[in-house]
Amino acid sequence: MKIAIIGGGVTGIAEAMYLARNGHQVTLYEKQKILGGLAAWFNIAGRDVERFYHFIMTCDKYYLDMLEDLGLSEELNWVNTTTAFYHGGSVYPFSEPQDLLKFKPLNVFQRFRLAATLAYLTKLTRRWEPFEDVLACEWLPKYAGKKAWEVIFRPMLDMKFGVHRDRMSMAWLWARFNMVGQYREKGQTKEKRAWLKGSSRTFIEAAEREMLRLGVTIRKSVSIERIEVEDGRATGIVLDGEFEPFDKVVFSSSSVALRPMLPKETEDDPYFRKIYDQKYYGVTCLVAALKKPFNEYFWTYVSDPEIPFVGVINYADFTSWEGQPGHNVIYVPWYSETDEAPYTTDNETIIRDYIAGLKKVQPEFDESWIDEVIVGRDPNAAMVCAGRYSGQLVPLKTPIENLVFANLSQIYPQDRGISLGLKLARYAVRTVETGEDTPMDFSPLTGTEEIPVDAEAFQPAAQAPEAEPAPAR
Ligand SMILES: Cc1cc2nc3c(=O)[nH]c(=O)nc-3n(C[C@H](O)[C@H](O)[C@H](O)COP(=O)(O)OP(=O)(O)OC[C@H]3O[C@@H](n4cnc5c(N)ncnc54)[C@H](O)[C@@H]3O)c2cc1C
């Protein structure tokens, strides 16, 4: 088959690779100059790092498999990372379960209450579905306690969902807590995360070489204008006003990019209506290359209403291996609507305000530490999965024949992630090959199955030969 893939992020890349391996003629279209989408890289003060902070966990099965497939497993730099919490002018370690029991912003009773609640969510519950109708802003203060809500959870949810905070369901939080539990290996108390030496560039460029070897046509710096639809079937794409015919079209970009590509009639279709109603949050992320490590922690959560961000991610130890100094790069993210601050705030103000906040978290820090600073933004950085979001999920097979839709809106109840994009790509390949929808399971606890990608796995089981008629007696 001749297949067009729209979107050269990790999901589109994996789809292109797998479909080309199955013998299809694939063209991958990407709007930006480089592949990688949200997981792309850039250079800051001579250091290649991810455009936005990225780390790999031992549970990132599909990503780890892909890296092995590309011969990159040896490039993983596994590090015992550490987490801290800044509150009330002090920094508290927050990496290991016992740190919670010593966490001074909560009194002893409040700490045990919080620990018991987290244990209940991660050890005693196996399913997210019962939490879907429960609001996080009601459940967490009730069970984890009001103080834990004020100090820990409310600032975290504010950062991620802002005005949507009070609409977030506990199902999303449940998945998040169960995923965080997987920063640690089974039986271990220490967090372990990996950085790919050389940044995500190492992965994206290796994948690009592999796609070229497989005969994939890669077209960068092109923005698909339309998906051509005739009599309810996708027949190809339109680029620079030119029609290019395809047997199948796979859409793997953000939901907001789909609407202008499809005929107006789709606005009345319940399937496409769900996609068009999906809501994204933008990210504004200050990235600074420093002369020395910001502090001793990988991740410092910040819970202080006077500071305009809730976290600092410090790449120093994370990117160091064999005793070599790492990249002293920090990321300071904040998520918001794209028509409100800080997304709309000018770079100068962001840099000034964030530096003031960074000085509070690390009193020794000052501007002289900074080699280069960049403010990165992306309008579609995270999905807002508020309320009963499972009702918003759409299948891979669309009502338009030969059009497959596969993007991060479908990985609920999980949060976005490279490994999940690669898993989604496996499901999408199956739908492209069979023409049938593929049921998906993205629960962190149950959705751990192997999903084969080779075409043979999708062939219907061979018919058993008919039994020879019994010889007449
Ligand atoms: C701040 C931040 C931190 C993150 N941290 C982590 C982490 O630590 N670990 C992890 O695993 N994941 C992390 N992620 C998530 C991860 O980056 C994403 O899940 C993943 O990269 C999404 O890949 P995708 O291909 O599905 O989508 P995208 O990356 O969004 O790719 C879609 C592509 O479509 C292209 N496109 C758009 N319109 C068109 C058009 N008209 N024509 C052609 N192409 C088009 C876009 O340019 C883009 O490249 C993070 C994300 C963010 C924003």
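Buried residues make up 44% of the 473 residues in this protein. Keep in mind that we are looking at a predicted model. Its secondary structure comes to 11 helices and 19 strands. The radius of gyration is 24 Å, close to the 23 Å that the globule rule gives for 473 residues, so the protein is as compact as a globular protein of that length. Along the principal axes, the C-alpha trace spans about 85 × 60 × 50 Å.

Now the ligand. Which residues come nearest to it? Of the 36 residues around the ligand, the nearest are Gly7, Gly9, Gly37, Phe52 and Ser253. Some elements give two or more residues to this shell: helix H1 (10–21), strand S14 (280–290), strand S18 (370–383) and helix H11 (418–434). By class, the shell has 16 nonpolar, 16 polar and four charged residues.

Find H8, residues 200–213. What span should we expect for its 14 residues? At 1.5 Å a residue, the answer is 20 Å, and the end C-alpha atoms are 20 Å apart, which agrees. Now look at what H8 buries. The list is Ser200, Phe203, Ile204, Ala207, Glu208 and Met211. Seen down the helix axis, these buried residues fall within an arc of 130°, so they line one face of H8. The face turned away from that buried side carries exposed residues: Arg209, Leu212 and Arg213. After H8 comes Gly215, with a positive phi near 90°.

On to a strand. In a regular strand the side chains alternate between the two faces of the sheet. Take S10, residues 226–230. Ile227 and Val229 make up its covered face. Arg226, Glu228 and Glu230 make up the uncovered one. S10 pairs with strand S11, residues 233–239. How do they run, parallel or antiparallel? The pairing is antiparallel, over five bridges. Opposite Ile227 stands Ile237 in S11.

Stay with that hairpin. Two residues lie between its strands, and Asp231 takes a positive phi there, near 50°. Is Asp231 buried or exposed? With 6 C-beta neighbours inside 10 Å, Asp231 counts as exposed.

Compare another loop. Asn402 is found between S18 and S19. Asn402 also has a positive phi, near 70°, and is a residue other than glycine. Is Asn402 buried or exposed? Asn402 has 22 C-beta neighbours inside 10 Å, and therefore counts as buried.

Last topic: cis peptide bonds. Pro342 sits in the loop between strand S17 (329–336) and helix H10 (347–361). A cis peptide bond also joins Tyr412 and Pro413, with omega about 10°. Pro413 is in the loop between strand S19 (403–405) and H11. Recall that H11 also gives two or more residues to the shell around the ligand.

Methods
Residues are numbered from 1 along each chain as its sequence is written. This is a predicted model: local features need pLDDT of at least 70, side-chain atom pairs count only at pLDDT 80 or more; totals for chains, interfaces and linings use all residues. Helices (H or I, at least four residues) and strands (E, at least two) are DSSP runs, numbered from the N terminus. The expected span of a helix is 1.5 Å times one less than its number of residues. A residue is buried if 20 or more other C-beta atoms lie within 10 Å of its own, exposed if 12 or fewer, and partly exposed in between; C-beta atoms are placed from the backbone. The arc is that of the directions from the helix axis to the C-beta atoms. A residue is near a molecule or strand if its C-beta atom, placed from the backbone, lies within 6 Å of it. Ala, Val, Leu, Ile, Met, Phe, Trp, Tyr, Cys and Pro count as nonpolar, Asp, Glu, Lys and Arg as charged, and the others, Gly among them, as polar. Two strands pair if DSSP finds at least two bridges between them. The radius of gyration is taken over C-alpha atoms; the globule rule is 2.2 Å times the number of residues to the power 0.38.
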